[in-house]
Amino acid sequence: MAMIFEFVVQGAQMILVLALAPLLIGFIRKVKAQLLRRRGPSIFQPYRDLLRLMRKEVVLADNASWLFRSAPYIIFGATWVAASLVPTFGTGLMFNWSADLIAVTALLGSARFFLALAGMDVGTSFGGIGSSRETMFASIAEPAMIMIVFVVALIDGSTQLTEIAAHMLAHVELRVSLGLALIGLVIVAIAENGRIPVDNPATHLELTMVHEAMVLEYSGRHLAVIELAAAMKLLLYFSLVACIFVPWGLAPHGADFGAMTFGAAAYVIKLAVGGFLLALFEISTAKMRVFRVPDFLGAALMLGLLGTLLLFVSRSL
Amino acid sequence: MTPLTAALWSIGALLGVGGLAAALARGGDASRFIYCLCGVLCLILFGAAVVPRTAVALTATLPLGLPWIGAHFRLDVLSAFFLAVVNLGGAIASLYAIGYGAHEKHPSRILPFFPAFLAGMNLVLLADDAFSFLVAWEFMSLSSCALVLAHHHDAENRRAGFIYLIMASFGTLALLMAFGLLAGSVGGYSFSAIREATLGEYWKPGLALALTLLGAGSKAGLVPLHIWLPLAHPAAPSHVSALMSGVMTKVAVYGFVRVAFDLLGPPAFWWSMPLLTIGAITTVLGILSATIQSDLKKLLAYSTIENVGIIFVALGLALAFKANGMALPAALAFTAALLHVFNHSLFKSLLFFGAGAVLNATGERDIERLGGLIHSMPRTAFLFLGACVAISALPPLNGFVSEWLIFQAVLLSPSLPQWSLKLLVPAAGVALALSAALCAGCFVRAFGVAFLGRPRSITAKNARETDLWSLAAMSGLLALCLLAGLLPSYLIDTISPAARAFVGGHVPTQGDIPWMSIVPIAESRSSYNGLLVFIFILFSAFLSAWIVRLLGTHALRRGPAWDCGYPDPSPVTQYTGSSFAEPIRRALGHVAFVARDHLDMPPPGDTRPARFGVEIRDRVWDYVYSPIQMSVEFGADQLNKTHFLTIQGYLTLVFIALVSLLLVVAIWP
């Protein structure tokens with residue numbers, strides 16, 4: 001019985017991240033519009049967009065291969081699994097131990113690998129430009145992420161997110177390295193999700209575009225699946241920041257239904273605050289040139305490395 | 001018959017097959033027969049390595065080699081592991097060659113040396129005295145050099161063979177001196193005598209380690225001794241390239257492990273520092289160089305250099321932990337290193353096989369002239385893609401497992417007491433993370449440019465799928481990659497006795513952990529389950545596909561590419577390999593090489609085309625090898641003068657030489 005309950009809770013987490021991801025996108029768009037004194041579309045608009053895309057027929061380029069057609073589902077699968085492994089409302093879920101933070105990072109790497117390949121499949125210059133730039137960003141963002149994982153793992157003595165959250169709750173303290181890791185993680189999250197100032201999610205035809213260029217040839221249900229995966233990736237980074245740096249409200253392992261509901265409410269509030277801050281940040285900066293991005297990401301890498309070095313030198317920094 | 005005698009008989013049989021091939025090869029179609037024999041013998045050797053046996057090492061002495069000494073052979077847990085790696089690679093390469101070798105124009109230049117090369121590698125692993133080790137090592141080098149020179153009509157291959165020969169001789173010389181130091185003045189050249197002897201003085205073990213690092217490192221491809229590798233590995237026929245890259249570099253790793261972890265005795269902590277430094281530099285330089293290559297086989301060779309660097313970083317960590325008496329972390333790092341040895345031998349062989357299939361189908365190694373092969377060679381494309389995912393350390397395939405274990409070992413290293421290591425290990429960690437990310441980019445580029453998009457040449461357009469033997473070999477390797485990624489616990493348990501014997505500890509037994517996940521230290525610290533992750537991804541992907549079908553339409557229409565409304569039918573408008581690598585080259589490339597862009601833009605009104613070229617120079621060539629070459633040439637010029645002396649001059653020279661030698665003898669303590 002207990003096992004069935006745990007199974008259901010794990011399934012609830014999978015459905016929760018899937019269901020909340022478009023809402024988060026809609027919320028950020030709404031806040032951005034309001035801050036710019038526009039009315040903006042309803043926060044449920046992303047759901048309608050997804051449904052519309054699913055009902056449209058797919059127009060496939062003549063020379064698209066099987067890889068192009070299966071990549072959306074591979075990307076979606078890997079991203080969904082990664083997003084369900086990051087604690088949202090509670091820790092210690094049934095399958096949380098099957099992959100740690102390094103594996104979650106690598107799962108996102110798998111999704112990106114196939115997205116970059118899909119961009120090159122039709123053989124257009126736009127797809128190539130997107131894949132090439134995504135690869136350059138990833139080649140700095142991924143080591144930066146690993147270094148941030150190192151900082152967190154060295155502080156908490158574990159790479160398991162459940163243990164990390166529990167340790168952070170038990171030992172609330174201000175550390176230099178933790179601050180460095182937070183800044184680094186935010187930079188990586190902005191770059192990985194193609195937000196301003198790295199990429200502009202609102203535009204479609206701009207010479208510095210990255211993510212939109214890779215998916216330019218996609219249409220219909222394929223595009224819907226990729227958009228949903230991108231939304232889940234954004235949600236994943238929000239959950240990650242929430243789970244590591246503000247773990248309050250997370251239901252512990254074996255908690256009852258009430259604690260979990262409270263955890264879910266806390267999670268939604270964290271998402272709302274995070275979404276508001278992201279929207280505020282996005283409207284207050286301008287997009288940077290594409291060859292400035294390595295410097296921006298290099299800062300995250302250096303912060304992560306500095307944090308790791310501090311922890312190697314002294315456990316208490 | 002013990003496994004060791006079976007192995008020795010098989011090695012003898014391999015040498016016999018080499019002789020048979022030399023006799024048969026001129027006659028006609030002997031290649032299938034020869035490769036079949038090689039494959040069977042490799043399987044027997046593989047069996048000898050993996051059959052369960054007691055922990056006691058088997059030894060044998062043959063009356064060969066130096067009189068009164070003989071040749072000593074020994075099969076212990078470490079040589080058994082490497083024997084399994086080598087012969088698994090050898091067996092699958094033979095299977096591949098049954099199909100691939102049929103395209104060879106001059107089989108007589110390959111067939112006799114292929115079994116000899118396999119025998120040489122096996123002998124290195126079994127040798128138990130310095131003399132047979134060095135003879136086997138040199139035999140392995142020379143037979144592979146003959147294979148590199150198989151297509152010697154190409155001037156580039158001749159140059160590759162020449163440089164390989166020089167570097168191999170240099171490596172053997174360094175190893176010779178290392179064993180000379182290890183054996184000491186008494187001259188016990190058997191490994192058991194060396195193990196018991198203690199190198200008392202402080203500088204002696206350090207010097208022996210440095211010499212071994214030079215000797216084994218030059219064969220494995222450590223920077224800056226790597227320069228021969230990206231020339232020689234691609235020059236050989238593809239199944240030999242796979243053996244050289246996937247397997248022979250591992251024999252070099254074995255040589256290093258044998259000396260550093262076994263013969264040299266208890267390590268000092270500073271031994272690990274050159275390993276960590278050189279390993280970290282090797283990973284980053286190797287993968288950066290791979291990212292800009294347009295020759296597919298050269299790209300794979302540079303990626304081998306990167307992986308060798310990863311293995312050496314892990315070995316460095318193991319040495320550091322072992323020196324500080326931390327048995328569990330040492331075992332973790334050592335296990336990770338050996339697991340990466342196994343994994344890399346699988347996916348690198350598969351990648352070279354794929355490159356060979358492409359080479360056969362199109363006659364091209366240059367990815368700038370390929371493209372669209374996923375349509376004409378779908379099976380090869382799928383298998384090559386699998387290997388790309390595996391080597392990029394992406395879950396759920398096997399490359400990720402070993403990298404993950406290495407990261408776990410890095411995370412244990414703050415408890416190392418030495419300050420120098422505290423600073424060095426994070427730097428090596430960031431190099432590993434950087435190279436993992438760059439590796440994914442490198443293989444996106446390799447696969448994307450060669451297999452995806454539109455064909456860039458007629459030959460690429462008319463390519464045909466490769467033969468069934470090659471496909472069988474590649475499928476087998478991909479299946480092994482997947483298995484090793486999903487169920488790594490059995491592999492870790494297989495390595496565990498070696499870790500116990502060489503670093504004095506072992507990671508917890510993985511086989512009986514529920515759900516077959518791997519838990520290297522404790523569950524509260526870290527755990528990973530490739531099988532579950534794989535099942536989850538499959539489940540999510542199929543569930544999403546099903547729901548999409550349920551909610552949406554099935555309608556699908558083919559049309560011209562969108563490309564923002566301006567699709568250009570010419571394939572030259574696609575991104576090329578060099579344009580793909582350009583951002584990475586600009587952002588990170590300047591650490592590895594000097595790149596100069598040449599742009600020739602005609603003024604308005606001039607009708608000649610604009611030209612753009614990139615000149616890339618390797619810093620290692622400029623700063624290390626060019627000065628050496630110049631000084632050798634200068635010295636040779638100076639010594640050349642002694643060819644034209646008078647008879648009195650020569651007599652004086654003889655006299656001076658005699659007196660100085662006598663002086664040395666008189667002064668020597």
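These legends go with several close-up views of a predicted model. Local features need pLDDT of at least 70, side-chain atom pairs count only at pLDDT 80 or more, and totals for chains, interfaces and linings use all residues. Residues are numbered from 1 along each chain as its sequence is written, while chains are lettered from A and ligands numbered from 1 in the order in which they are written.

**View 1. H1(A) carries a kink at A:Leu20.** Helices here are DSSP runs (H or I, at least four residues) and strands are E runs of at least two, numbered from the N terminus. H1(A) covers residues 2-35, and its 34 residues should span 50 Å at 1.5 Å a residue; the end C-alpha atoms sit 47 Å apart, which agrees. That expected span is 1.5 Å times one less than the number of residues. The kink is about 30 degrees, shortly before the proline A:Pro22; the bend is the angle between axes fitted to the seven residues ending at a residue and the seven starting there.

**View 2. A:Arg37 sits in the loop between H1 and H2 (45-55) of chain A.** A:Arg37 isn't a glycine, yet its phi is positive, at about 65 degrees. Most residues other than glycine have a negative phi.

**View 3. H3(B) and H20(B) cross at roughly 140 degrees.** The axes of H3 (77-100) and H20 (488-503) come within 8 Å; they are lines fitted to C-alpha atoms over the stretch in contact, with angles from 0 to 180 degrees between N-to-C directions. B:Val77, B:Leu78 and B:Phe81 meet H20(B) residues including B:Ile495 and B:Phe502, where contact puts C-beta atoms, placed from the backbone, within 7 Å. Ala, Val, Leu, Ile, Met, Phe, Trp, Tyr, Cys and Pro count as nonpolar, Asp, Glu, Lys and Arg as charged, and the others, Gly among them, as polar.

**View 4. Chains A and B touch through 73 residues of chain A and 74 of chain B.** On the chain B side, H17(B) gives the most, with 15 residues. This side divides into 45 nonpolar, 21 polar and eight charged residues. S1(A) (58-61) and S3(B) run parallel, joined by four bridges, and strands pair if DSSP finds at least two bridges between them. A:Val58 stands opposite B:Leu556.

**View 5. Chain B has a cis peptide bond between B:Val223 and B:Pro224.** Omega is about 5 degrees there, and B:Pro224 lies in the loop between H8 (203-220) and H9 (229-235). The bond from B:Pro395 to B:Pro396 is also cis, with omega near 10 degrees.

Conventions: Contact = placed C-beta atoms within 7 Å.
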